[in-house]
Amino acid sequence: RGDRSLAEAFNNATILFADVVSFTTLSARVQPSQLVSLLNRMFICFDSLAEECGVEKIKTIGDCYMGAGGLPEPDVLHAHKVCRFGLQMLEAVQQFHDDQNNPIRIRAGAHSGPCVAGVIGLKKFTYDVWGDAVNTASRMESHGEPMRLHVSASTASLVADDFDCADRGTMTVKGKGEMHTFFVNSEKEGSQWRTSVSQQSSKRKTVANAPGVFAVSLDQHASWFQDGESDAAV
């Protein structure tokens, strides 16, 4: 009731936008039913990839697909998962063609930063995201190039050890001014193993720091016991 909302602030998340290149031209040429069928098949494919990569689908707007990492549950690997998702989108979309058998091409862009996510309003509830991170991610997509993943410096800095990022230099971004941006070309060998170990370590630290829980190191492995259970366990 009133102005109550179910929204939560996130200190750091990664937002991704992807849309179809020359969609306006395509939509003027083909029947709406054909267009919707194409988008549906493509977005179903993206939905599957998002789930596999641990990325939250936020919504689709026309031909635009929006996803996010690091929400609704915080995730230290939010940028890694979104970049992995973006690269897989670029690969997967190659299986789709338009009515003239031309390959469908997309632009993808991502940015990492603080945002607010949740549900607002009284009708047609949908989980959404707000903040400058969303606007900047949208700019990364619109200022990008076909079949490439364009990211801000903040995202590139988070994934540079595990992804091959090409420096695009400084460019003028509408509504943002001068920004240093990058193209993410590929994921480095061994990245998924390293990030998996990093995430497990982060989870252990979270558990170890939780109230009523302490860690005991045995043979270089950490075991966790609830208060009152440690004597029996040891």
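**Close-up 1. Ser 22 in the loop between strand E1 and helix H1 of this predicted model.** Strand E1 covers residues 6-20 and helix H1 covers residues 23-29, with Ser 22 placed in the loop between these two elements. Although Ser 22 is not a glycine, its phi is positive, at about 60°. Most residues other than glycine have a negative phi.

**Close-up 2. Asn 101 in the loop between helix H3 and strand E4.** Asn 101 has a positive phi of about 65°, although this residue, too, is not a glycine. Because its relative accessible area is 57%, and exposed means over 50%, Asn 101 counts as exposed.

**Close-up 3. The cis peptide bond between Leu 71 and Pro 72.** The bond that joins Leu 71 and Pro 72 is cis, with an omega of about 5°, whereas most peptide bonds are trans. Pro 72 lies in the loop between strand E3, residues 64-69, and helix H3, residues 78-92.

**Close-up 4. A nonpolar surface patch made by Val 116, Ile 120 and Trp 130.** The patch that these three residues make has an area of about 230 Å². One of them, Ile 120, is found in the loop between strand E4 and strand E5, the latter covering residues 128-130. Ile 120 has a relative accessibility of 44%, and because this value falls between the limits of 20% for buried and 50% for exposed, Ile 120 counts as partly exposed.

Definitions and conventions
Residues are numbered from 1 along each chain as its sequence is written. This is a predicted model: local features need pLDDT of at least 70, side-chain atom pairs count only at pLDDT 80 or more; totals for chains, interfaces and linings use all residues. Side-chain values use heavy atoms; hydrogens and water are left out. Helices (H or I, at least four residues) and strands (E, at least two) are DSSP runs, numbered from the N terminus. Buried means under 20% relative accessible area, exposed over 50%, partly exposed in between (1.4 Å probe, protein chains only). Patches are made of residues with over 30% relative accessible area and no salt bridge: like charges are joined within 9 Å, nonpolar side chains (Val, Leu, Ile, Met, Phe, Trp, Tyr) within 5 Å. Accessible areas come from the Shrake-Rupley method with a 1.4 Å probe; for residues, only the protein chains shown count as cover. A salt bridge is a side-chain nitrogen of Lys or Arg within 4 Å of a carboxyl oxygen of Asp or Glu.
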